[in-house]
Every structure is written in structure tokens, then in C-alpha cells.
Amino acid sequence: MSKQWADPKDGAFKRQVSSFREIISPNHPIYKPAMNRYWLYVSLACPWAHRTLIARSLKHLNSVIGLVVVHWHLDSNGWRFLKYPTDKASIDENIYHTISGGIDNSQSLEIKPFASIPNDSDRLWIDGTPDPLNQFQRLKDLYLKSEPGYDARFTVPVLWDSQTNTIVNNESSEILRILNSGVFDEFVKDTTIDLVPRELETQIDEFNSWVYDNINNGVYKAGFAESAIEYEKEVKNVFEHLDRVEQLFKNKYLALEKKYGPDSKEILQHFYAIGDQLTEADIRLYTTIVRFDPVYVQHFKCNLTTIRDGYPYVHLWLRNLYWNNDSFRLTTNFNHIKLHYTRSHTRINPLSITPLGPNPHIKPL
Ligand SMILES: N[C@@H](CCC(=O)N[C@@H](CS)C(=O)NCC(=O)O)C(=O)O
């Protein structure tokens, strides 16, 4: 993908508004809760899609909502799926009831030579999955099936209804709320986790709002800026807001230390962005922070410092989520993340050489 969304007037990056905005509810005329009816189409590289994958796993919906993973390489025709295998057993075995991430990420921590992986590499269940529902080749086929005249970008994530063959929603923040809403509770055993508890909702919304604009989307505004003035403005802004998160997390950590004692295990059990429990705010910040050192530092030139060197409390929070929670670790695939950015944005990285480092992609806790 060489053409991005920069405004030709000032070189500033503008993100498009999502088009499909329905919900799933017993009261909805079309989209009622059901087992195996809805599917998530994601890229493991994409931070917006990654949010929904984490929520699907945390809410124990891996066997309620199907999963299709696009190939990591985004080309001029958009996202694509892998070829549908003739061997049906391989599909049944691998798709749908698979591990939380839906794809093997066991190799993604090791630094392996990227040079040997061509962009058209078709390693089934490694580079992506086929589309078992429609056996489509491209993500855009879903959009056009759902709405034949659709003329905006074909983005992930997509929440797809296999009964009506339509897109329910393609806005990750809303898909997160649908998955959390409890509409699938009748199909799962453990319904205790609530990612947006009512008493924390205002705080979560407020945090999400500035984190979205300045950090989640901020790194894109820096990385896709097409003028040095825009880039410098945005990169400074990203770091000012990382400083703000660091200060918040530091205060939080010191308060927990005071409450539980300096060496208590309980500190990390309560070390989250809002309140003292895991919420949607952690998910939305995590998908940017886990990509920061491996990709955004060099590829988006967000290199005033790194998370590991410049932000000890954010770094601890990140590693706590990654190493102590399967829903975070198993959905994080550094190979997809690195290969996608460095080889799809040819305007930023024309030679598509994928940097080997940082080593390791994420440090131990
Ligand atoms: N507002 C959307 C943004 C999603 C988005 O921008 N996805 C990117 C990948 S990170 C995409 O699919 N881009 C494909 C394209 O622009 O062709 C959301 O949060 O769901």
C-alpha cells in the first residue's frame, strides 16, 4: 500500500470514518445473538483489529465467534486471505476453535531471518488463514457482498454475519462494546469479566479519548506525515502523552505499593490503567504500546526514546499484560506486526527490508 491518507494541503494524516455501525442484540431486527453466526475478520498486525481479538479471548468467545486472519501483506488490492485448502480436515482442525490468537504465534518471539520470507509467502496458518465461509480471496469481497456500491477503504476488523452475509460493524471501538455487552453470555460458562464496569465507564471513556487521538492514532499521524513540520509536531505530541501515561502509572504503582507492601504479588494483580482491574482502557493502550519498540520507533520515526528505556512504569504494565495474561500474549504476533508495516507501507520503506531488532521484541518480566 503506497498511497495513504495524507491531506495534500498540509501533509497531515486523516483517518477515515467507519461505515457499518450496527449492534448485536436480542431486540435488533436482524442481528440477534447466536452461536457460530458471527465471525471476526482481523489482521494480526493491525492494532485496531488486535483490540477485538483480545476482547474475544478475554470474554471466552473464541468458540462462539469465528475468526479469519488475513495475510500480513497489504497490497494495492487490500487485504487477502490464504488459498482455501482442498484438505478439509486441515480446516476443521485449525480454524474456529483454535487458540486464542487463532494462529500459531509460537515462533514470533524468536528473531528469525525475515529475508527468507517473500511477500507472497503462503504458509497456511502462519501467514494467515483461508476464508472458510465464502472462500473469498480478498477482504474487499466481503464489503462488496455486504454493500455492492461500497466505495470507501476495506479495513479490518470486520464483524461479519454469516446468516445474512452482511457486515454488522467495522469500527473496532464499537465491536469491543458489542463483545463486552453480555449478549453472548448464554453461550459461555464464565461471564464474570466486564471490560467496562458501569462505575468506571466515564473514566474509561475519558482515558480512551485522549489516548486514541494522541497515542493510538498519534503514532500514525507521525508516521504517515508527509512533511517534516507535521511529523515533528506529531512525534512530540505522542511523547508528551506517553509522559502523561507514565506519570499516571507511576502514581498508581506507588499507591498500590503503599497499600500492599513493596514486594507484594498483589501489586501487579491490580496494576491497570483505570481502577484496579483490567478494563477496555488497557486493551486499547496495549495494542499500540506492544508495537512501539518493534515498529513505531523506527518505521514511524517515533524515536525520541523507547518504551523499554524511557518509560519504566508503562514498560512494567506492558510486560505484566503480555506475560501474565494469555489473551494478550497469544494474540500478539510480532512476525505479522513487523512484516506488515515494513513491507506494506512502501512509501515509507521502499525497499521493504524488515529490521531484525529490537532483540528481544518484548523483554521478560
Ligand atoms: N476505524 C477503524 C480503523 C481500522 C483501520 O484503519 N484498519 C487498517 C489496518 S491497521 C486497515 O484495514 N487498512 C486497510 C486499508 O486502508 O486499505 C477501526 O478502528 O476499526
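Visitor: Which residues does Glu171 touch, not counting residues up to four places away in sequence?

Guide: Happy to start there. This is a predicted model, and in it Glu171 touches Ser18, Phe20 and Arg21 once those sequence neighbours are left out. Glu171 itself sits in the loop between β4 (166–169) and α4 (172–180).

Visitor: Is Glu171 buried or exposed?

Guide: The idea is to compare the relative accessible area with a cut-off: buried means under 20%. Glu171 has 19%, so it counts as buried. Arg153 has 22%, so it counts as partly exposed. Arg153 lies in the loop between α3 (139–146) and β3 (158–161).

Visitor: Which polar atoms lie 2.9 Å and 2.6 Å from an oxygen atom of the ligand?

Guide: For polar contacts, look at pairs of N or O atoms within 3.5 Å. A polar side-chain atom of Trp79 is 2.9 Å from a ligand oxygen, and one of Arg153 is 2.6 Å from a ligand oxygen. Asn170 contributes through its backbone, with an N or O atom 3.4 Å from an oxygen of the ligand.

Visitor: How much of the ligand does the protein bury?

Guide: Taken alone, the ligand exposes 510 Å², and the protein buries 92% of that.

Visitor: Which residues does UniProt list for "binding site"?

Guide: The unreviewed UniProt entry lists Trp79, Arg153, Phe154, Thr155, Val156, Glu171 and Ser172.

Terms used: Residues numbered from 1 in each chain as written. Predicted model: local features only at pLDDT ≥ 70, side-chain atom pairs only at ≥ 80, totals over all residues. Heavy atoms only, no water. UniProt positions renumbered as here; feature names shortened; annotations may be inferred. Helix = DSSP H or I, 4+ residues; strand = E, 2+ residues; numbered from the N terminus. Buried < 20%, exposed > 50% of the residue type's maximum accessible area, 1.4 Å probe, protein only. Contact = heavy atoms within 4.5 Å. Polar contact = N/O pair within 3.5 Å; in protein donor to acceptor, adjacent residues only side chain to side chain. Areas by Shrake-Rupley, 256 points an atom, 1.4 Å probe, with all protein chains shown as cover.
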